[in-house]
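Open the model in your viewer and keep the selection panel handy. We will go stop by stop.

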Amino acid sequence: MLAESTYGAWFPPMLSEHGGEIDHLISVVHWFMLALFVGWGIFFVYCLVRFRQRGGHKAVYNPVKGKISKYVEIAVGVFEAFLLVGLSMPVWDWYKNEPPDAGADRCEIRVVGEQFQWNFHYPGPDGKFGRTDAALIDTATNPLGIDWENEDAKDDVFSQEMHLPVGKDIYVRITSKDVIHSFAIPTMRVKQDSIPGMEIPVWFKVKKDATTAKLKESMTQTYPIDKIKWRRIRHHVAVEDYQDRSGQVVLAKGAPLGNNLEQGEKLINTLRESGHTELVLQPANPLEVICAQLCGNNHYTMKAQLITHEPADFDAWVQEMIEDRTAGSEMFEDF
Amino acid sequence: MSAEHHHEHDLPFWRKYVFSVDHKVIGVQYTVTGLLFLFFGFCLMMIMRWQLAYPLEAIPVIGTWLSQSMVDADGVLIGDGYNALGAMHGTIMVFLGVVPLAVGGFGNFVLPLQVGAPDMAFPKLNMASYWVYLVGGIVMLIGFFVPGGAANSGWTSYTPLANIATTGQTVWLFGMVLLITSSLLGSVNFIVTTVQLRAKGLSFFRLPFFVWAQFVTSFLLLLAFPPLEAAGVLQLMDRLADTSFFMPTGLVVSGELQESIYSGGGSPLLWQHLFWFLAHPEVYVLILPAMGILGEVIACNTRKPLWGYKSLVYSAIFLGFMSFIVWAHHMFMTGMGTTLSTFFQATTMIISVPSVIILTCFIISLWNASIRYNTPMLFALAFLPMFAIGGLTGLPLGLTASDIHLHDTYYVIGHFHYVVAPGTIFALFAGVYHWFPKVTGRKMSEFMGKLHFWPSFVFINAVFMPMFFVGMAGVLRRQFDQTEQLQGAVVHGLTIMSSWGAWGLGLAQIPFIINFFWSIRKGEKVGDNPWEATTLEWAAPSPPPHGNFETVPVVHCGPYEYSVPEKKTDYCPQNVVMEA
């Protein structure tokens, strides 16, 4: 299943429990569209040829009789009703009306958009979000204005990466500090505008085996070096060391192919000249949270890395974040 | 009649051709201005396509000429510059290009002639409408020269982004208020002219479909634009007087709490509702006149009556009505609940039915026809499958569940461009070729016309077809550099293809530009009715004098009496009792 999970020119990888139904709906609609288009197209082309103006051919004044068009129109109406009631509304109903039960099994996250970054606030093991106060906001160290002295905030986690446990209910409460953004994870088939002054929840579940580690593995590909364009693999890294003729490592394992077009092309050239015919690459990180609503100058850079873990590893990550912060603040107090 | 002629000759040049109250001169003014703005808006897009295909590389040739609000010192586009190009491309194409051309241009020139009127009901209002439009257009262009550059919050100008944007947004709002005012003046005129000035015998169901389409469009303009005008003024107040109509409480911009500036308590979503309450009917303002043109061109060049004339008329009216209750389908991702979204996706599915009926009527009209493949007909025929693609791809966007994935992606861009560019703009080209002989007394070159049509047809599909695949892959619209994201980097090749398609499309317009100006002076001279058409405009001289008709026309039959059995010719003009 994960083997199919590569990015390409149709659906991106689909890694959430509900996403399959959305893809199914999109596929059905497209087959329906194709059937209509081809049907119309055949009739259209036939008419263009058969009824072209030529010697001896005359147009007929009286309208053609027949009910086919009426039946087609009724069929289109009925099928659209089916799409609406049968395929679209059930998904939407779940997406909007059936939140997962609150409890230990539900992973809750506050997401706050701002120009041009995503902020994630986790409640920690106690399940309670600490107090936030706009007066405490510091763009560099505390973008959400979390009151770390607050009792509920002691075990909170603030992060600009989104970490999620697989196979568990994810409940995200989305808002914005400044303008309207849109919280979008294409691979999860999740999208929700983040609107200042409103907090809007969405929920979903990451497929059980869709951990970042496994995805990297499944997205590892061999690229013929002559076909590599830097822009298309700019988010990829090498899975092994590549050396030039002198034996010096020019592309180290885990490193990207340069940070810009110039560097990238130069490196690709060096590798080609060193006799490499193909490179084995994988995405540095296969999943991203992006912003789907124009939010200003650097809108296009507004993204966060999304990292999925086994539930146990996720808990470990939370602990580590808490410890890092407490250690950091103790150091700060000592200082 | 001769008195009319004398009167015309007495007018000084500037009253006859500049500040004219003659609907035909105003129509031509609208057409030429609209075409210029279309071309300008297209040029903005060709610059954007460079950045999309070759991100952060210097724009060739013109890069260093652009203002510092758009490019850096090396001539590389910057994010705000790209966003300004995007916002202005949309605004210019819709409000300064297509609508003025479709309604102001064709409507003004053709509608009074087709109803057999000597002029519009309110000629001075008509003149005012054009000049307010022109000033609105110039104001829009001034935006490029203010500090911070032109408006850069999208043609949709969503708040609060637009509220905190640079001065260009204020200029944009002033421009919009003028453009809306112009449309309102025009629409009143069209409605009154259609109702009051029809020739004797020209009952509503003898009106050409073009007149019906313009008539319904005018109601949309009249009823949908005022809410946006109000919204525009509210946004101006937010920007200039620090009111909080669209500003919520507790906004923090760049770390600064905005409470000292705004009291808060406003709603950012209010703007979206007001905007889309206009902008969805606006979609039908873009498409209905195009369908009207199509009706004329297809009936004339199939040499038979349109199939299902009454269905076409009822569908157009129903489409107009329904277009007022689908607007929130642009807002499914704003957190809309199930009840509301169910209503709006249901109305969206319902509105597709009259569109399907209209398309079906046009296609069935080809059956038993005798199709003349001249340039206007080629453009009209190409409209049909491409509008079908545009319409069909609206389906997955209108269903909330599939919209989750497709919302705000390139799929949306592909969808509405197929409706408006290969759809409406192709129909507008059909109209230009079709009515050119009426305006000038000369035909445009057929050879150059075909040289315009075929490359345009190929390239326009090369531009927009890849967008469906790019969008399906999850690439979002309004991205300065799509390769910044994983899914965008992978399908970047398709985006490069779109860009080359766009530049090819630009080149393909050169034959049109040459043909247009060449034919004004050198085109083949033709009589009053070169296409052997039936509707009343062809009963007037070419070009029609001030006052239009030499004798007041009286209508005897329906609009599309082609190939009536046992008649002398294969067409019966509406004003002629045809002998057997």
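Start where chain B and chain A meet: 34 residue pairs are in polar contact across this interface, with both partners at pLDDT 80 or more. Keep in mind that this is a predicted model.

Now select helix α10 of chain B, residues 338-364. With 14 residues, helix α10 gives the most to the side of chain B that touches chain A.

Next, colour that side of chain B by residue type. What do you find there? The residues divide into 59 nonpolar, 36 polar and 11 charged.

Stay with charge for a moment. How many salt bridges cross the interface of chain B and chain A? There are three. To see one of them, select Arg231(A) and Glu57(B). Their side chains meet at 2.9 Å, N to O.

Zoom out to the whole interface. Here 106 residues of chain B are in contact with 88 residues of chain A. The size of an interface is often given as the accessible area lost when the parts come together. Between chain B and chain A, about 8500 Å² is buried. Carbon and sulfur atoms give 68% of that area.

Last stop: chain A by itself. Select residues 2-97 for domain 1, then 220-283 for domain 2. Give each a colour. The C-alpha centres of these two domains of chain A lie 43 Å apart.

Conventions
Residues numbered from 1 in each chain as written. Chains lettered and ligands numbered in written order. Predicted model: local features only at pLDDT ≥ 70, side-chain atom pairs only at ≥ 80, totals over all residues. Heavy atoms only, no water. Domains from an automatic or database assignment. Contact = heavy atoms within 4.5 Å. Buried area = accessible area lost by both parts, 1.4 Å probe. Salt bridge = Lys/Arg side-chain N within 4 Å of Asp/Glu carboxyl O. Polar contact = N/O pair within 3.5 Å; in protein donor to acceptor, adjacent residues only side chain to side chain. Helix = DSSP H or I, 4+ residues; strand = E, 2+ residues; numbered from the N terminus. Nonpolar A, V, L, I, M, F, W, Y, C, P; charged D, E, K, R; others polar.
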